[in-house]
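Colleague: I have not looked at this one before. Can you put it up and take my questions?

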Amino acid sequence: MHPLRDRGFTHPIPSEVTPRAAYEQRRQWLKLLAAGAAGTALATWAERDARASTTAPGKLAALPGARSTVAGAVTMERLTPYQDVSTYNNFYEFGTDKSDPAKYAKSLKTRPWTVQVEGEVRKPGTYDIDALLKLAPMEERIYRMRCVEGWSMVIPWVGWSIAELIKRVEPTGNAKFVQFVTLADRAQMPGLRSSVLEWPYVEALRMDEAMHPLAILAFGLYGEVLPNQNGAPVRLVVPWKYGFKSGKSIVRIRFVEKQPKTSWELSAPQEYGFYSNVNPTVDHPRWSQATERRIGEDGLFAKKRPTLMFNGYEAQVGQLYAGMDLRKLY
Ligand code: MTE
């Protein structure tokens, strides 16, 4: 039995769509090729690819999710190996290098943990993380994720639509935006000594974006609770927006009337807008958004893949932005 099935996954996973033997043979072949002809750079990539695994190591607590029936919630593209998902991260509270979070986030204590819901809601409250986990049935959401820096991954998240929480707290008519405030604790987060961003890290969505069923609160990935470096114990995941919209280690969810500033807007407003929808036609000043490289799969010499409008979720979310000038509201 495939290890993912063991954890309650009942649908075909990408490694089964490509028969495993053929897939491993291809990797072996690439590795040989690389070692022989193409030099060190490619060899490094092939080795990294061969080492990586598409299953979680099983060191964290199991957190299975049922296959989601939400439209667009499962892509059949090959999963990015767990090894890459959990070691190539942005989490500036633990350093700005991609490898820093995996090294330093061990110090993050994820229990006890509470999430405060406040602002323009009829039922504000403080949720203990273990109660929040049980608020709605866990679903597995296999999402394409795309970073503004030009790389992408395919990640099997475990969580539920934020709409589940929003419905329960009953927003008032004044609630136009939802702000997500993440932990800022100097004792646990060495990166806070740097002023690279304003702390705490904050993100926000317009109310209708937050209510979209594809926007989730994620508590796990690969059938286990989130590794700390990926935003344990709870983070936002919005697959049609650049990765930085997905705030990690959330402690406060605030419903507000005015559009809040977000951390990246505050740090560089000319580079990062409020919306940050994946859009191959609007380049970031420093990085083209037309194409992307899939981490763990596309080597340095591979042709880059085209980036899709709204990261491929246009059919599901395009309507949210009808009539908006996405060059201005980027
Ligand atoms: N959340 C917090 N609290 N701090 C951060 O630095 N980085 C963002 C986002 N959420 C960040 C954060 C950025 S830039 C990205 S690309 C994604 O998290 C990365 O998520 P991943 O490491 O799980 O792929």
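Colleague: How do the side chains of K328 and D325 meet?
Modeller: They form a salt bridge, 3.7 Å from N to O. The term means a side-chain nitrogen of Lys or Arg within 4 Å of a carboxyl oxygen of Asp or Glu. This is a predicted model, where local features need pLDDT of at least 70 and side-chain atom pairs count only at pLDDT 80 or more, while totals for chains, interfaces and linings use all residues. Residues are numbered from 1 along each chain as its sequence is written, and side-chain values use heavy atoms, leaving out hydrogens and water.

Colleague: Is K328 buried or exposed?
Modeller: K328 is exposed, at 67% relative accessible area. D325 is partly exposed, at 36%. Buried is under 20%, exposed over 50% and partly exposed in between, with a 1.4 Å probe and protein chains only.

Colleague: How many salt bridges does the structure hold?
Modeller: It holds 19. One of them pairs E297 with R78, at 3.9 Å from N to O, and those two residues are 219 residues apart in the chain.

Colleague: Switching topic, which residues have the most contacts inside the largest nonpolar core?
Modeller: W157, L165, F219, W240 and F255, in a core of 77 residues. Such a core is a set of buried Ala, Val, Leu, Ile, Met, Phe, Trp, Tyr and Cys residues joined through side-chain atoms within 4.5 Å.

Colleague: What else lies apart from it?
Modeller: Another core, of 10 residues, including Y201 and W264.

Terms used. Helices (H or I, at least four residues) and strands (E, at least two) are DSSP runs, numbered from the N terminus.
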